[in-house]
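Good morning, and thank you for coming. Please look at the sequence and the structure while I speak.

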Amino acid sequence: MSAVVHVVAMSDGGYVAAGWVGAVGLVGAYVLVTLRRGRRLSRRVPEGDRRWS
Amino acid sequence: MSDVSDPTETEAEAEAEVPAHTGSRATQVLGLAALAALALWVLYGLVWSPPDREMGDLVRLLYVHVPVAILFYAGAGLTTFASLMWLRRRSPGWDALAVAAAELGVVFGALTLLTGSIWGKPTWNTFWTWDARLTSTALLEVLLIGYLAVRRVDPSPSGGSTRASILGLLLFPNVIIVHFSVDWWRSLHQKATVTRLDPTIEGDMLVALMVGMAAGGLVFAWLLIHRFRVAWLEQQVERHDLDAAVAARRAEGQLSTNEPEAQPA
């Protein structure tokens with residue numbers, strides 16, 4: 001039983017990797033969603049109303 | 001050869017001429033700076049900084065957790081400020097800034113809770129406990145989600161913004177409660193480390209944390225500009241749709257008033 005627990009238990013490196021991958025992954029996904037929303041909406045708005053373009 | 005141009009080709013050409021996105025030269029420069037800072041953050045956080053004497057390699061989680069927590073506070077504080085300005089000035093720009101900051105606050109709040117829980121498991125032997133800091137952080141996240149939900153409840157755009165702005169005013173006071181919760185109540189969570197005049201860490205570990213804050217700040221600023229522009233576009237689309245609906249209704253009204261006159265003839 002203790003051997004099983006030892007195998008299943010995550011090492012410190014595993015927790016560190018989970019935290020960093022989770023953070024980068026979530027922010028990356030949000031970046032993609034935001035850029036896609038921007039592209040979709042931009043096509044529906046005349047160029048003059050997009051002050052930054 | 002045909003004189004008639006392919007409509008799909010013309011559409012594609014038009015799209016190529018007028019890029020339809022929320023980017024600009026400024027965001028390109030900011031984005032590149034953010035990417036460079038992110039690379040430096042990863043190197044400092046995972047390679048160059050030494051393990052902590054007590055926490056070992058788990059300290060590397062704090063190089064993510066602390067910056068995202070500060071940006072979570074920033075998102076909530078900015079939402080309160082923009083909400084206050086919206087209530088005073090009724091300018092659509094402040095409304096767009098409020099919703100952009102609130103959404104970023106939710107994302108960084110989720111990251112704060114996620115990275116904190118992952119750090120808590122090997123350190124406290126639990127992912128979650130009803131500690132004052134953890135509970136007040138979760139409450140702040142719920143308030144931010146509530147802010148976004150209230151905006152959608154009221155069908156009139158300005159009505160939803162006004163109701164949400166009143167809720168938005170509660171966010172920054174909650175940030176203060178979250179920050180001082182470790183001093184006001186008994187807490188498992190450690191007290192302030194870097195937001196004090198004499199930081200309790202030093203050397204490469206302090207540099208890793210500072211690089212993390214700078215990189216996170218650049219990513220936050222880049223995202224905030226893009227999300228602000230998305231909110232601005234949403235307002236424009238709503239306005240155009242409303243104008244089109246009013247014009248259609250007027251045309252319908254004109255038709256119905258003209259119809260009886262046409263009947264006797």
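Which residues have the most contacts inside the largest nonpolar core? Before I reply, two remarks on the source. This is a predicted model, in which local features need pLDDT of at least 70, side-chain atom pairs count only at pLDDT 80 or more, and totals for chains, interfaces and linings use all residues. Residues are numbered from 1 along each chain as its sequence is written, while chains are lettered from A and ligands numbered from 1 in the order in which they are written.

Now the reply. The residues with the most contacts inside the largest nonpolar core are L61(B), V68(B), L97(B), A98(B), A100(B), A101(B) and V219(B), and the core has 65 residues. At least two residues of this core come from each of these helices: α2 (12-42) of chain A, and α2 (25-48), α3 (59-89), α4 (92-124), α5 (132-153), α6 (157-168), α7 (171-184) and α8 (203-262) of chain B. The largest share, 17 residues, is supplied by α3(B).

Some terms need their cut-offs. A nonpolar core is a set of buried Ala, Val, Leu, Ile, Met, Phe, Trp, Tyr and Cys residues joined through C-beta atoms within 7 Å. A residue is buried if 20 or more other C-beta atoms lie within 10 Å of its own, exposed if 12 or fewer, and partly exposed in between, with C-beta atoms placed from the backbone. Helices (H or I, at least four residues) and strands (E, at least two) are DSSP runs, numbered from the N terminus.

Let us turn to the chains. Chain A has two helices and zero strands, and 21% of its 53 residues count as buried. Chain B has eight helices and zero strands; of its 265 residues, 35% are buried. Two residues are in contact if their C-beta atoms, placed from the backbone, lie within 7 Å. In chain B, among contacts with a separation of 6 or more, 77% are between residues 24 or more positions apart.

How many residues does the contact take from chain A and from chain B? It takes 27 from chain A and 32 from chain B. On the side of chain A that touches chain B, 13 residues are nonpolar, seven polar and seven charged. For these classes, Ala, Val, Leu, Ile, Met, Phe, Trp, Tyr, Cys and Pro count as nonpolar, Asp, Glu, Lys and Arg as charged, and the others, Gly among them, as polar. In α2(A), the buried residues include Y15(A), W20(A), V27(A) and L41(A).

How do α3(B) and α7(B) pack, and at what angle? The angle is about 150°, and their axes are 7 Å apart. Axes are lines fitted to C-alpha atoms, for helices over the stretch in contact, and angles run from 0 to 180 degrees between N-to-C directions. The two helices, α3(B) and α7(B), are therefore roughly antiparallel to each other; angles under 35 degrees count as roughly parallel, over 145 as roughly antiparallel, 65 to 115 as roughly perpendicular and the rest as oblique. Here Y73(B), A76(B), G77(B), T79(B) and T80(B) of α3(B) meet L171(B), F172(B), N174(B) and V175(B) of α7(B). This contact has five nonpolar, four polar and no charged residues.

Two buried residues deserve attention. G168(B) lies in helix α6 of chain B and counts as buried because 30 C-beta neighbours are inside 10 Å. Beyond four places in sequence, G168(B) is in contact with T79(B), T80(B), S83(B), A98(B) and Y147(B). W94(B), in helix α4 of chain B, is buried with 20 other C-beta atoms within 10 Å.

Finally, the loops. R90(B) lies between α3 and α4 of chain B and has a positive phi of about 60° although it is not a glycine. Is R90(B) buried or exposed? R90(B) is exposed, because 12 other C-beta atoms are within 10 Å. N125(B), in the loop between α4 and α5 of chain B, has a positive phi of about 65°, and is exposed with 8 other C-beta atoms within 10 Å.
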